[in-house]
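Visitor: I'm new to reading protein models. Could you walk me through this one, a feature at a time?

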Amino acid sequence: MPQTYDVVVIGAGPGGYIAAVRAAQLGFKVACVEKWRNPKGERALGGTCLNVGCIPSKALLGSSEEFDKVRHRLGEHGIAVEGVKLDLAKMLARKEAIVSKMTKGVEFLFRKNKITWLKGHGRFVGAEDGAFRIEVLDDADEGAAASAPQLVDAVNVIIATGSKARHLPGVPVDNQLVCDNEGALAIPEVPRRLGVIGAGVIGLELGSVWRRLGAEVTILEALPTFLGATDGGVQKEAWKLLTKQGLKIHLGVKLGAVHAGKRGVKVEWTDDKGAAQVLDCDRLVVSVGRVPNTDGLGLESIGLSVDERGFIPVDDHCRTAVANVWAVGDVVRGPMLAHKAEDEGVMVAELIAGQKPHIDYQCIPWVIYTSPEIAWVGRTEEQLKAEGRAYKAGQFPFSINGRALGVGAPEGFVKVLADAATDEVLGVHVVSAAASDLVAEAALAMEFKASAEDIGRVCHPHPSMSEVLREAALAATDKRALNM
């Protein structure tokens, strides 16, 4: 008879492995199904995020920032450096070492919490007697005979299979000349000319990496607005800073034919004025969003289906239409963010245990890891105007902050938006080298329904970048900023 588990999680990315760990902490017998193999063909936990997403991209962003700093920004500190050389192979090896450390860390967590790792592709094959039967198909290691499918039963199932890069019709991705995010993290030499389709988070981050390392980067974006999901003030500041750095960004583009040949890639496109253009590049990165991994899960065998975009419908607590089947992360509504998936995984595990957790989706922060970083939580000014909600805004620049000047990062600002009547913080928007850290304080404040005055009255360390958040909050409170 198949072994029965209290909870089986399908997928071991951030949402899946965190859900498995929390369920095990709560005393459940837990298994997690994961089929991922790293470039060496080895089994690995962590999903897209740890293997070919968040972690390796931030490693390369960090390395490329250091290279750029040595070449262009140390002079102002009185540090002269000559003969700077790039060892790209070593940089890529560092990235892979970080990935390995992180994925091995998840393996440790599984052993520590007695979570069974079922290696292979998991899919539903039916349900009976109050349990769901899951088949795990293990593709064999190279040179080995394929093993028979493994069957397990689960009282509760959490689907956390994540997402994959969306590809464009007629633009085949080989991850050699034409790359998605995975291939763009492993280009073996710096291309002289790099084309990027899509000016979203991934396109800007990967474009920034290769621009710092020496590539001429051109980004083609179909939408007429740059970073349309962000606050208008952030859009203007980000455009100014990123184009000044050398990123060539074209908006309102209509993409035509893409031709990949031995000497590179030719992209035919039409600009926002209707003029035909051609982009010749050595490599092309396609970064036009992601789609949920819901194929091949056997959902029909338990009476579950996906919507027209491939997402699994769920309620506010990630329950599907089938009792005791849950779905979290990139396969459900909401932003495709690793930390959102993690929080949903924790919430579901606690709901299975009879607890009453919840998630305020307005308090989930977003970050773009360009230089400077761009981060926000809550509503934009444009959203508040559309809602007809009266608000007040306070903004403060890093250009007059002592710590920002000291570390050579004076770019950007913090904007705080608060309710005009109650002073409750409704949104915080940051452009700064420290944006990913500062936005966490803003998210905490919003979770506890803090007012702008609450933030302003909290003592912040001096000198620190965090003082700018305090000053912006004071600026939103009757224009009380102390240093401007």
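Guide: Buried means under 20% relative accessible area, exposed means over 50%, and partly exposed is in between, using a 1.4 Å probe and protein chains only. Ser 63 is found in helix 3. Not counting residues up to four places away in sequence, Ser 63 touches Met 91 and Arg 94, where contact means heavy atoms within 4.5 Å.

Visitor: What should I know about the model before going on?

Guide: This is a predicted model, where local features need pLDDT of at least 70, side-chain atom pairs count only at pLDDT 80 or more, and totals for chains, interfaces and linings use all residues. Residues are numbered from 1 along each chain as its sequence is written, and side-chain values use heavy atoms, with hydrogens and water left out.

Visitor: Is Asp 68 buried or exposed?

Guide: Asp 68 counts as buried, at 13% relative accessibility. Asp 68 also lies in helix 3. Helices here are DSSP runs of H or I with at least four residues, strands are runs of E with at least two, and both are numbered from the N terminus. Leaving out residues up to four places away in sequence, Asp 68 touches Arg 73, Arg 211 and Arg 212.

Visitor: How do I find the empty spaces?

Guide: Rolling a probe the size of a water molecule over the atoms shows where empty space is left. On a 1 Å grid over the protein atoms alone, a cavity is a set of points where a 1.4 Å probe fits but cannot get out, while a pocket is an open set with protein on both sides within 12 Å along at least five of seven lines; lining residues have an atom within 4 Å of a point. Grid points are joined across faces, edges and corners, and a volume is the space filled by probe spheres set on the points. Here the second largest pocket has a volume of about 800 Å³. It is lined by 31 residues, and the closest to its centre are Glu 65, Arg 73, Ser 371, Gly 408 and Glu 411.

Visitor: Which helix gives the most to the lining of that second largest pocket?

Guide: Helix 3 does, with 8 residues. Helix 3 (54-72), helix 6 (201-212), helix 7 (232-245) and helix 11 (435-447) each supply at least two residues of this lining. By type, the lining has 10 nonpolar, 8 polar and 13 charged residues. Ala, Val, Leu, Ile, Met, Phe, Trp, Tyr, Cys and Pro count as nonpolar, Asp, Glu, Lys and Arg as charged, and the others, Gly among them, as polar.

Visitor: How many cavities of 30 Å³ or more does the structure hold?

Guide: The structure holds 1. The largest cavity has a volume of about 40 Å³, and its lining divides into 4 nonpolar, 3 polar and 1 charged. Among the residues that line it are Ala 165, Asn 181 and Arg 290.

Visitor: How do I read a helix?

Guide: An α-helix has 3.6 residues a turn, so residues three or four places apart point the same way. In helix 7, the buried residues are Gly 232, Val 234, Gln 235, Glu 237, Ala 238, Leu 241 and Leu 242. What covers them includes helix 6, strand 19 (373-378) and helix 9 (381-387). Just after helix 7, Gly 246 takes a positive phi of about 120°.

Visitor: What about Glu 344?

Guide: Glu 344 sits in helix 8 (residues 338-352) and is buried, with a relative accessible area of 0%. The side chains of Glu 344 and Arg 333 are joined by a polar contact of 2.9 Å. A polar contact is a pair of N or O atoms within 3.5 Å; within protein, one must be able to donate a hydrogen and the other to accept it, and residues adjacent in sequence count only if both atoms are side-chain atoms.

Visitor: And the backbone angles?

Guide: Most residues other than glycine have a negative phi, and most peptide bonds are trans. Now look at Asp 478, which has a positive phi of about 55° although it is not a glycine. A cis peptide bond joins Ser 371 and Pro 372, with omega about 0°.
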